[in-house]
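Grab a pencil and work through these exercises. Try each one yourself before you read its solution.

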Amino acid sequence: MQQAIDLPNLYARGADFFGEVAKFSPAVLEGLKARGVEVKTGRGEESGLHGVIVRTDGALEGGADTRREGEWRLAPAN
């Protein structure tokens with residue numbers, strides 16, 4: 001989960017696309033550009049995303065966006 005949350009952010013606001021340009025590989029940026037998507041920087045890339053995966057054995061795996069103040073930790077059972 002943490003690896004997924006740590007991936008560079010990309011979001012669309014109307015016809016404009018914003019993201020963490022420096023974190024994308026040149027190949028990804030070129031692929032996006034070939035599809036008409038030019039990623040601009042500097043507008044709200046700090047998502048604050050959190051997530052939890054429930055594994056088939058019932059184990060929980062979480063992640064939190066380090067771009068913000070979030071953190072993941074498993075609370076002790078009551």
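Predicted model: local features only at pLDDT ≥ 70, side-chain atom pairs only at ≥ 80, totals over all residues.

Residues are numbered from 1 along each chain as its sequence is written, and side-chain values use heavy atoms, with hydrogens and water left out.

**Exercise: the open sheet**

Work out which strands stand at the edges of the open sheet.

Step one: get the strand order, which is β1-β2-β3 with mixed pairing. Strands here are DSSP runs of E, at least two residues, numbered from the N terminus, and two of them pair if DSSP finds at least two bridges between them.

Step two: look at β2 (residues 16–19), which pairs with β3 in the parallel sense over two bridges. Phe 17 has Val 39 in β3 as its bridge partner.

Step three: β1 (10–13) and β3 (39–40) each have a single partner strand, so they are the edges, and one side of each has no neighbour in the sheet.

**Exercise: Asp 65**

Find out whether Asp 65 is buried or exposed.

Step one: locate Asp 65 in the segment after β5 (60–64).

Step two: check its relative accessible area, which is 0%. Buried means under 20% (1.4 Å probe, protein chains only), so Asp 65 is buried.

How values were computed: Helix = DSSP H or I, 4+ residues; strand = E, 2+ residues; numbered from the N terminus. Buried < 20%, exposed > 50% of the residue type's maximum accessible area, 1.4 Å probe, protein only.
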